[in-house]
Structure formats: structure tokens, C-alpha cells
Amino acid sequence: MADGLSVFLVEDEALIRMMMADMVVELGHHVVAEADNVRDASAYAMTAHYDFAILDINLMGVYVDPVADLIERRGKPFLFATGYGPELLPSLLRRRPILRKPIALDQLKIMIDSLFPDSAAKAPH
């Protein structure tokens with residue numbers, strides 16, 4: 001298995017998704033699945049092998065909360081990456097970490113490290 005964490009990335013804007021994937025790789029992790037809509041994201045949420053997910057809140061006008069619910073049922077950690085605030089999320093999901101767009105590499109690293117503190121201690125600085 002490759003070093004780093006495996007990431008499931010859900011983002012409907014192709015350029016933003018590519019930029020986020022590049023950041024994930026730059027931080028020493030790897031993207032194992034990508035989706036740009038709720039239907040595909042729901043399928044990957046239940047079947048893909050990943051350590052955590054990064055979810056955009058709004059996918060082409062459809063909120064991502066059904067996908068977040070599926071990921072939560074699997075017991076996988078996830079965070080939201082969005083330009084929106086937490087007020088758009090169902091109340092049960094508001095406790096999840098939110099990474100505000102535009103995303104900075106150092107902010108993404110801090111979020112990942114907070115989800116996986118043991119990995120952060122082992123990562124090169």
C-alpha cells in the first residue's frame with residue numbers, strides 16, 4: 001500500500017477538484033475515488049476503499065448530505081470543502097469540520113492532521 005491516506009474527493013467543479021487532488025498528493029496522500037454528482041458520490045461512498053472524504057456541500061444544485069450520511073454510516077471521517085457556511089448543512093452534520101474555499105494547502109493539512117493525529121505525528125515536516 002502506498003504511504004499516506006487514501007482520499008475520496010467529491011467536488012462538481014472540475015478545476016477545483018483537480019486543484020484539491022494536487023494538494024492531497026502534495027501532502028503525501030492519494031485520491032482513490034472522485035465524483036462530481038450525488039449519484040456517483042453515493043455509489044463510491046459505499047463501495048470505495050478510502051480513509052476519509054472531502055465533500056463539497058452543493059453539487060450542481062443538489063446538497064451532498066445524503067452522501068455524508070452514507071459515509072457516516074460506514075464510520076469514515078469526512079470534512080466539507082465549501083464557500084458556503086455551516087448553516088446550509090443539516091444540524092447533525094454541522095459538527096463536521098468545514099474547509100472554506102478558496103482552499104489553502106496549509107489549511108487542508110491542518111484539517112487532515114486534526115482527523116488523523118497519529119498520521120500527523122509520523123509525517124515529515
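Modeller: A residue is called buried under 20% relative accessible area, exposed over 50%, and partly exposed in between, with a 1.4 Å probe and protein chains only. This is a predicted model, in which local features need pLDDT of at least 70, side-chain atom pairs count only at pLDDT 80 or more, and totals for chains, interfaces and linings use all residues. Residues are numbered from 1 along each chain as its sequence is written, and side-chain values use heavy atoms, with hydrogens and water left out.

Colleague: How is a pair of aromatic rings described?

Modeller: One gives the distance of the centres and the angle of the planes. Rings of Phe, Tyr and Trp (its six-membered ring) pair if their centres lie within 6.5 Å; planes under 30 degrees apart count as stacked, over 60 as edge-to-face and the rest as tilted.

Colleague: How many aromatic pairs does this rule give?

Modeller: The count is four aromatic pairs. The planes of F8 and Y50 stand at 45 degrees, with the ring centres 5.2 Å apart, so this pair is tilted.

Colleague: Are F8 and Y50 buried or exposed?

Modeller: F8 is buried, at 0% relative accessibility, and Y50 is buried as well, at 1%.

Colleague: Which kind of pair do F78 and F80 form?

Modeller: The pair of F78 and F80 is edge-to-face, with 80 degrees between the planes and 5.5 Å centre to centre. F80 has 0% relative accessibility and therefore counts as buried.

Colleague: Which residues do ring pairs link into a cluster?

Modeller: The cluster consists of F8, Y44 and Y50, linked by ring pairs.
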